[in-house]
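Open the viewer and keep the selection tool ready. Follow the stops below in order.

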Amino acid sequence: MAMQCSSFKFDLVSTEDHARRGEFHTRHGSVETPVFMPVGTQATVKAVSPDMLKGLGARIILSNTYHLHMRPGEKLIASLGGLHTFMAWNGPILTDSGGYQAFSLAKLMKITDEGLEFSSHLDGSRHFLTPEKAIEIQEDLGADIMMCLDECVAYPSTREYVNASVQRTGLWARRSLAARRGSSALFGIVQGGVYPDLRVRSAHEISSEAFDGIAIGGLSVGEGHDLMMDVLDSTMPHLPQDRPRYLMGVGTPKDIVEAVARGIDMFDCVLPTRNARNGMLFTRKGRITVKQARYRQDPNPPDEDCRCYTCRNFSLAYLRHLYMSREILGSVLSTIHNLYFYLELMSDIRHSIGEKNFDELRKQIKEIYND
Ligand SMILES: [Zn+2]
């Protein structure tokens with residue numbers, strides 16, 4: 001059996017029912033959980049610098065293996081000192097396996113137990129991704145936390161197909177562990193679609209291996225909030241307490257508080273950054289669409305109670321003007337606000353679990369974001 005990675009450690013600090021507050025330690029520093037990881041697809045969190053990210057309270061970011069493998073290539077990044085140096089981010093970085101984009105963005109040609117054959121979304125060139133190759137790329141990038149290659153199934157998929165994908169995901173998980181050479185942490189991924197018994201089987205299989213953390217994959221693919229929570233209800237009791245649990249690609253503020261209530265520790269999602277560029281802001285009073293005519297002369301900030309740089313300095317009228325004029329600063333200021341909202345929400349969640357009033361915060365967020 002492969003040895004558990006020595007550079008990674010997770011401590012539980014306190015709990016409130018199933019919600020957990022904790023901390024994990026990596027080669028690039030410690031991270032308090034529950035945590036939200038801003039998405040830096042192309043070795044950049046769009047519209048903000050690493051400096052700004054730190055100031056907003058981001059402690060760990062996610063980067064996408066598929067994109068960096070295609071362009072500029074992990075060997076080039078390694079020759080320039082690795083991803084941390086390349087993008088000037090000195091905090092922890094989690095990288096995905098590249099599998100999800102091979103399924104969703106590239107043209108998938110063939111999938112066998114050996115790996116995935118796909119053609120690049122950039123130039124149509126053919127590529128073959130195996131569990132071993134996914135680890136090699138992530139080690140070249142210098143990720144603090146790596147993810148196993150897994151098979152993401154579409155929603156809906158037949159039970160027979162999902163069953164086969166769970167089997168393949170387990171096989172690939174063991175091969176990923178065996179392929180690890182360095183001291184990066186490695187997380188296994190639970191699959192199983194929306195079939196409770198397949199989720200339980202996958203949870204047991206992945207948890208029995210020496211992974212540093214356990215991720216739940218294959219959700220937020222169109223099944224909806226309620227079904228996602230049903231899957232968590234059936235899966236979470238079968239995950240070990242002593243390792244972090246990461247819900248991949250999730251989600252809305254409501255998804256996050258409900259998943260924390262079920263014992264999830266880590267999240268990533270493009271929503272705050274992507275929505276910011278589309279002129280949609282998250283606030284403690286609900287969503288704001290900045291292009292609306294009602295904000296044309298509005299002298300108020302998006303959220304009077306928000307202490308972010310944007311809300312302390314700019315009016316909705318100005319943000320609307322930037323958006324309508326397609327000015328870059330509009331994306332920057334909106335991204336600052338939305339990331340601040342998400343990171344502040346996570347900070348409030350952590351403190352509330354410590355104070356045993358998380359349930360109150362959960363109710364508030366569900367009232368505001370009840371869709
Ligand atoms: Zn703000």
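Now widen the selection to strand β7, residues 107-111, and strand β8, residues 116-119. The two strands run antiparallel, joined by 4 bridges. How many residues does the hairpin from β7 to β8 pass through? It passes through 4 residues.

Remember that this model is predicted.

Next stop: an open sheet. Select β1, β2 and β3, which is also their order in the sheet. These 3 strands pair in the antiparallel sense. Which strands sit at the edges? They are β1 (9-16) and β3 (29-33), and each pairs on one side only. On average, neighbouring strands in this sheet are turned by 15 degrees against each other, direction ignored.

Zoom in on β2, residues 19-26. Strand β2 pairs with β3 over 5 bridges.

Helix α14 lies across β1, β2 and β3. Its direction is at about 120 degrees to β2.

Last stop: two helices. Show α14 as residues 328-355 and α15 as residues 358-368. Their axes come within 8 Å and cross at roughly 145 degrees. Which residues meet there? From α14, select Leu345, Asp348, Ile349, Ser352 and Ile353. From α15, select Phe358, Leu361 and Ile365. Colour this contact by class: 6 residues are nonpolar, 1 is polar and 1 is charged.

Terms used
Residues numbered from 1 in each chain as written. Predicted model: local features only at pLDDT ≥ 70, side-chain atom pairs only at ≥ 80, totals over all residues. Heavy atoms only, no water. Axes fitted to C-alpha atoms, helices over the stretch in contact; angles between N-to-C directions. Contact = heavy atoms within 4.5 Å. Nonpolar A, V, L, I, M, F, W, Y, C, P; charged D, E, K, R; others polar. Pairing = 2+ DSSP bridges.
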